[in-house]
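I opened the two chains side by side and kept notes as I went. The entries below follow the order in which I looked things up.

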Amino acid sequence: MTKTIEGLTAESTEVQAAFRRLLLGLADTKRLLGIRYSDWLLGAPSIEGGIATSSMAQDEWGHARLLYAALKDFGDDPLVLEHEREAAEYASWDPLDRPLPDWAHLIAGVVVVDGALALALEGILEGGYEPLGGRVGKMLGEEEFHQALGAAWFQRLSAGEGEGHQRLQEAVETMLAPTVRCMAPGDDAHERLADRGLILPSSTLRYRLAERLDPLLERVGAQVPTESTLDNDWDARRGRGIGHPEEEAVVRARGDQNRALFVE
Amino acid sequence: MEEIVFDVFARKNRGDPLSHVGYLSALDAELARVYAWKTYDEENWFEMCIVPRSQIIPVNRTDGPFAKASVAEGSGGRSSSGSRTKATRGRRGKRGGGS
């Protein structure tokens, strides 16, 4: 197929819907991740860590905006997507439904969730869908620094058997499986896109994620799962588990408190 | 683990002189690299590099900042960009200045 918006429009509605689901899931996850990062602008273990977290929050919000804008090609109104959806409509990945309670969870979020998001974007870049190429390249350039920070802190916290190690281990255990399931669900929608060469197959994504993260994850006794179960708790429409982010985060994401002052 | 002081140098364009833009504290060089890029990002730098302060050899002064201890004290370093504050450094300015 021609990997342009015209080419995609000529595809079946199932393929278009699957690509829209993928992009909306990535956009919502980045928006929520930005909020979770922003919770630790203050209270980080060092001033420099807080500043870096602030910068990463801005990156994630910027990436989300670019992805919401890309959904215009699918008939969506980005303003509606960003400011008018209910929490139950969010397609953000499950591990971000609740705040990250401490720095160890934030670092696990950087390594696991942000790392998987970056890999999903790499899959899109390799798929060669033209309207996203330049935008995704820019995002991945910024993500390189997120992963460097995550890896350095992960190594530090996982060294020894202290509280940092224990908290990190708990965070990874909580986040890893649901993150991998959202990144590479292997359901019909995902594999439909992979069959058309628009993204990488789930098996390839999981293999690459394991190759990248397992040397770190093994420090806390974890590794990327090679398979996932799409049981009754899988919401195929949104490409995530049932449930949704807590209301307070969605209120912040939408900017409800300042809608009267809204400028666009 | 003690944090290490790193000095940050950058140039805006190819051929520009490398300028000292600030300093920071980090546990190791990899974190310092990230912190430098994320902290001193008010410009679209062509090139940025960091140097452990302990590796800088003073030439003509024994009372300058580079001749002092290279291990971080307290809550970290300060930007060398003087009194610029977060509010005055634009959208991406994140580092409070002054000391």
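**Ground rules.** I am working on a predicted model, where local features need pLDDT of at least 70, side-chain atom pairs count only at pLDDT 80 or more, and totals for chains, interfaces and linings use all residues. Residues are numbered from 1 along each chain as its sequence is written, and chains are lettered from A and ligands numbered from 1 in the order in which they are written.

**Chain A, overall.** I took helices (H or I, at least four residues) and strands (E, at least two) as DSSP runs, numbered from the N terminus. Chain A has ten helices and two strands. Its pattern along the sequence reads α-α-α-α-α-α-α-α-α-β-β-α. I then looked at contacts between residues at least 6 apart in sequence: in chain A, 74% of them join residues at least 24 apart.

I checked the dimensions next. The C-alpha trace of chain A spans about 55 × 45 × 35 Å along its principal axes. I computed the radius of gyration over C-alpha atoms, and the globule rule is 2.2 Å times the number of residues to the power 0.38. For 264 residues a compact globule would come near 18 Å, and chain A agrees, with 18 Å.

For burial I used C-beta atoms placed from the backbone: a residue is buried if 20 or more others lie within 10 Å of its own, exposed if 12 or fewer, and partly exposed in between. Buried residues make up 45% of the 264 residues in chain A.

**A:Ala10.** I found A:Ala10 in the loop between α1 (5-9) and α2 of chain A. Is A:Ala10 buried or exposed? A:Ala10 counts as exposed, because it has 12 C-beta neighbours inside 10 Å.

**Helix α10 of chain A.** I went through residues 247-254. The buried residues of α10(A) are A:Ala249, A:Val250 and A:Ala253. They cover an arc of only 95° around the axis, which puts them on the same side of α10(A). I took that arc from the directions from the helix axis to the C-beta atoms. The general rule I kept in mind: an α-helix has 3.6 residues a turn, so residues three or four places apart point the same way.

What do the buried residues of α10(A) pack against? They pack against α2 (13-38) of chain A. On the other side of α10(A), I noted A:Glu247, A:Glu248 and A:Val251 as exposed. Just after α10(A), A:Gly255 takes a positive phi of about 75°.

**Chain B, overall.** I counted one helix and three strands in chain B. The order along the sequence is β-β-α-β. Buried residues make up 30% of the 99 residues in chain B. Among contacts in chain B between residues at least 6 apart in sequence, 50% join residues at least 24 apart.

**The sheet of chain B.** I called two strands paired if DSSP finds at least two bridges between them. The three strands form an open sheet in the order β2-β1-β3, with antiparallel pairing. β2 and β3 (47-52) of chain B stand at the edges with a single partner strand each, so one side of each has no neighbour in the sheet.

I listed the bridges. Seven join β1(B) to β2(B), and six join β1 (residues 4-11) of chain B to β3(B). B:Ile4 stands opposite B:Ala26 in β2(B). On the β3(B) side, B:Phe9 has B:Cys49 as its bridge partner, and B:Arg11 stands opposite B:Glu47.

For angles I used lines fitted to C-alpha atoms, for helices over the stretch in contact, with values from 0 to 180 degrees between N-to-C directions. α1(B) lies across β1, β2 and β3 of chain B and runs at about 130° to β2(B).

**Where the chains meet.** I counted 18 residues of chain B in contact with twelve residues of chain A. On the chain B side, β2 (19-26) and α1 (29-39) each supply at least two residues. The largest share, eight residues, comes from α1(B).

How values were computed. Two residues are in contact if their C-beta atoms, placed from the backbone, lie within 7 Å.
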